[in-house]
Amino acid sequence: MLWVTGLTCARGGVPVLSNVSFTVSAGEVLILRGPNGIGKTTLLRTLAGLQPSPDGAVEYPEDQGAYASHADGIKAALTVTENLAFWADVHGVANPRPDSNAGLENVLSSFDLFDLRDRMGGTLSAGQKRRLGLARLGVIERKVLFLDEPTVSLDGFSVKLFADWLRDQHLSHGGCAVIATHIDLGLAAPELDLTPFKAALDAGGGSDEAFL
């Protein structure tokens, strides 16, 4: 479902990763590993098409990719239900089938938000906002997810909710995901250490400051 070949990723015009190649099949997750600053976020944003790549190729089904970071993307003046409807509409899914894995009630239940469905987004706790931010993934019907530290600031209960949704609703319905995370999600997923792909400094000089 996702093919990456000889990809170079740049930050501020300076390559940080080079010759990255991997594949992810439907129903699979790939976990990105590496020290802070190695380029995990840059890679995810490049895969999602949010920034250009100097070299290489990324292929996945058209209009099936979605990127999410640890930003919640919550509209304070909308209810929980209205927030999810807003994001579904943004992605062209105005009326998810009620019986589908993207059905509103199913998503609300999966992220323990059903009893909060009429609450205004601005009145939610930090953890509830984070769960609502993740619940957006459930209504947009995108098969290829690029997730940057999706469970940051979540407690163990909420991490398990997300992992259960990812496994039982997204992957089991033919989706896939590439995730940068320091948290064990309890998934049987291969890992890709990005350290070997760190781009070499230009032979003409420079220092590691160029990568900050």
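# Close-up views of a predicted model

**View 1. The five-stranded parallel sheet.** Five strands line up as an open sheet in the order S5-S6-S7-S3-S8, and their pairing is parallel. The model shown here and in every view is predicted. Strand S5 (65-68) and strand S8 (191-193) are at the edges. Each has a single partner strand, so one side of each lacks a neighbour in the sheet. From one strand to the next, the twist averages 15 degrees.

**View 2. Strand S5 beside strand S6.** S5 pairs with strand S6 (residues 144-148) in the parallel sense, over four bridges. Gly65 has Val144 in S6 as its bridge partner. Helix H1 (residues 40-47) packs on this sheet. H1 touches S5 and S6, and also strand S3 (29-33) and strand S7 (176-180). The direction of H1 makes about 155 degrees with that of S6.

**View 3. Helix H1, mostly covered.** How many of the eight residues of H1 are buried? Six are, which leaves the helix mostly covered. The buried residues of H1 are Lys40, Thr42, Leu43, Leu44, Thr46 and Leu47. Just after H1 comes Gly49, with a positive phi of about 80 degrees.

**View 4. The three-stranded antiparallel sheet.** A further open sheet holds three strands in the order S2-S1-S4, with antiparallel pairing. S2 and strand S4 (55-59) stand at its edges. Each of them has a single partner strand, so one side of each is without a neighbour in the sheet. Direction ignored, neighbouring strands here are turned by 30 degrees against each other on average.

**View 5. Strand S1 and strand S4, with H1 against the sheet.** Four bridges join S1 and S4 in the antiparallel sense. Trp3 stands opposite Glu59 in S4. H1 packs on this sheet, where the helix touches S1, S2 and S4. The direction of H1 makes about 125 degrees with that of S1.

**View 6. The hairpin of S1 and S2.** Strand S1 (residues 2-11) and strand S2 (residues 14-24) pair in the antiparallel sense over seven bridges. Arg11 is opposite Val14 in S2. Two residues lie between the strands of this hairpin. Gly12 takes a positive phi near 60 degrees in the hairpin.

View 7. How many disulfides does a search of the whole structure find? The search finds zero. A disulfide would need the two sulfur atoms within 2.5 Å. Cys176 is likewise in no disulfide, as its nearest cysteine sulfur is that of Cys9 at 17 Å. Cys9 has 0% relative accessibility, so Cys9 counts as buried. Cys176 also has 0% relative accessibility and therefore counts as buried.

**View 8. Helix H4 packed with helix H5.** Helix H4 (residues 126-139) and helix H5 (residues 156-170) pack at an angle of about 5 degrees. Their axes are 11 Å apart. Angles under 35 degrees count as roughly parallel. H4 and H5 are therefore roughly parallel to each other. On the H4 side, Arg131, Leu134, Leu137 and Gly138 make the contact. By class, the contact has five nonpolar, two polar and one charged residues.

How values were computed:
Residues are numbered from 1 along each chain as its sequence is written. This is a predicted model: local features need pLDDT of at least 70, side-chain atom pairs count only at pLDDT 80 or more; totals for chains, interfaces and linings use all residues. Side-chain values use heavy atoms; hydrogens and water are left out. Two strands pair if DSSP finds at least two bridges between them. Axes are lines fitted to C-alpha atoms, for helices over the stretch in contact, and angles run from 0 to 180 degrees between N-to-C directions. Contact means heavy atoms within 4.5 Å. Buried means under 20% relative accessible area, exposed over 50%, partly exposed in between (1.4 Å probe, protein chains only). Angles under 35 degrees count as roughly parallel, over 145 as roughly antiparallel, 65 to 115 as roughly perpendicular and the rest as oblique. Ala, Val, Leu, Ile, Met, Phe, Trp, Tyr, Cys and Pro count as nonpolar, Asp, Glu, Lys and Arg as charged, and the others, Gly among them, as polar.
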